[in-house]
Amino acid sequence: MPAQQPKKIDSSWTLTKAAWGALRSVTSIHWLASIGLACLVFAFSLWIIIMIMNPSDALYTSSSIKTPDGFAAELSFTSLTWVSILVTFALLGIASTFITGAIVHAAIQSFKGKKTSATTSLAAVWRRGLPLAVFALVNIGVGQLISYINNRMSPTGGLVLSILGDAAWGVATFFAIPVIMTEDTPQWPIQTTKKSLNIIKKVWGESLISGVTIGAVGAFIGVLYGIVGGIIIIVLVSVGNAPLTIAGISLLGVGLAAIIVITSTLSAILKAALYYYATTGLSPINFNKTMLRAAFTPKKAERIFSV
């Protein structure tokens, strides 16, 4: 009787723990995740400073609208605010893609048993900077397009479109960054998406479940941390301790940013592991071959392992 395959949810949890083991054991990934955290904190700090230093009339415009009870003021963003938002999102998207690419490179090099450093991985990203930046901007553009269409539909239709659109694009580009980071020639969005789709067919169920597992764990920790931190800040505000309140808000923000970065790092490592296994048939260090094998459909497993 053939050995029973591990349940999808069990193997996805095991793969998530293996990704955590890789995060702990590869020093270069520590540094890259720290750089990602610093970029995220800096970007949001800069955004807050811009919002505080600019006068309100430079950020918002006010207009009167007629209501059943008379007239009311309606606030809307100025051009400066919209430009600031778009530039912030673009820079964050590109920086996030670059850091993810560096983490994927470091993880795959470690899977091969090669020593790597944060500098080496960042240099690999630099060599692929243009394809990564273009993909990041396309990724942002697709998200904005879905949002634009969503806002012009009924609430129900918009919600359905948003969920299905984001999910479809997320699935299609699941392995986009590993593809860009491992190919010798520049990979542009259409090429990248096609190759990502070909690989996703091999690990269809597991890649989605594992991604959901990491996201769910990160969301749970983030919500729990936010609730506890929010309660502490409310208490500090009620006692009127301004310095401690500011410090508490700052720590809450940095902590939430750290949770986001750790979750993204684990997701990048897992993508790198599944991609490496799908393209080589070799089991990465820290990852159980049985669990990786369970991520593949039987036909794909036969093609790779000739079983």
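Q: Which residues are buried in helix α5 (residues 118-127)?
A: Buried means under 20% relative accessible area, exposed means over 50%, and partly exposed lies in between, with a 1.4 Å probe and protein chains only. Helices (H or I, at least four residues) and strands (E, at least two) are DSSP runs, numbered from the N terminus. In α5, the buried residues are A118, S121, A124 and V125. They lie on the same side of α5, because they cover an arc of only 125° around the axis; the arc is that of the directions from the helix axis to the C-beta atoms. On the other side of α5, T119, W126 and R127 are exposed.

Q: What kind of model is this, and how are residues numbered?
A: This is a predicted model, in which local features need pLDDT of at least 70 and side-chain atom pairs count only at pLDDT 80 or more, while totals for chains, interfaces and linings use all residues. Residues are numbered from 1 along each chain as its sequence is written, and side-chain values use heavy atoms, with hydrogens and water left out.

Q: How many helices and strands are there in the protein chain?
A: The protein chain has 13 helices and two strands. Of its 307 residues, 36% are buried.

Q: Which residues does S28 touch, leaving out those up to four places away in sequence?
A: Contact means heavy atoms within 4.5 Å. S28, in helix α2 (residues 27-53), touches A106, T116, S117 and A118 on that count. S28 counts as buried because its relative accessibility is 4%.

Q: Is L137 buried or partly exposed?
A: L137 belongs to helix α6 (residues 129-151) and is partly exposed, with a relative accessible area of 45%. Leaving aside neighbours within four places in sequence, L137 is in contact with A90 and I94. The C-alpha atoms of L137 and F89 are separated by 9.4 Å, although these residues are 48 residues apart along the chain.

Q: What span does helix α9 (residues 189-200) reach from its first C-alpha to its last?
A: The expected span of a helix is 1.5 Å times one less than its number of residues. Helix α9 has 12 residues and reaches 16 Å, close to the 16 Å expected. Its buried residues are P189, T192, T193, S196, I199 and I200. These residues are on the same side of α9, because their arc around the axis is only 125°. The face turned away from the buried side carries the exposed residues I190 and K194.

Q: Which side chains meet in a salt bridge?
A: A salt bridge is a side-chain nitrogen of Lys or Arg within 4 Å of a carboxyl oxygen of Asp or Glu. The structure holds one salt bridge, in which the side chains of K195 and E183 meet (3.6 Å, N to O). K195 lies in helix α9 and E183 in the loop between α8 (176-182) and α9, so the pair ties together parts that are 12 residues apart in sequence. K195 is partly exposed, with a relative accessible area of 30%, and E183 is also partly exposed, at 24% relative accessibility.
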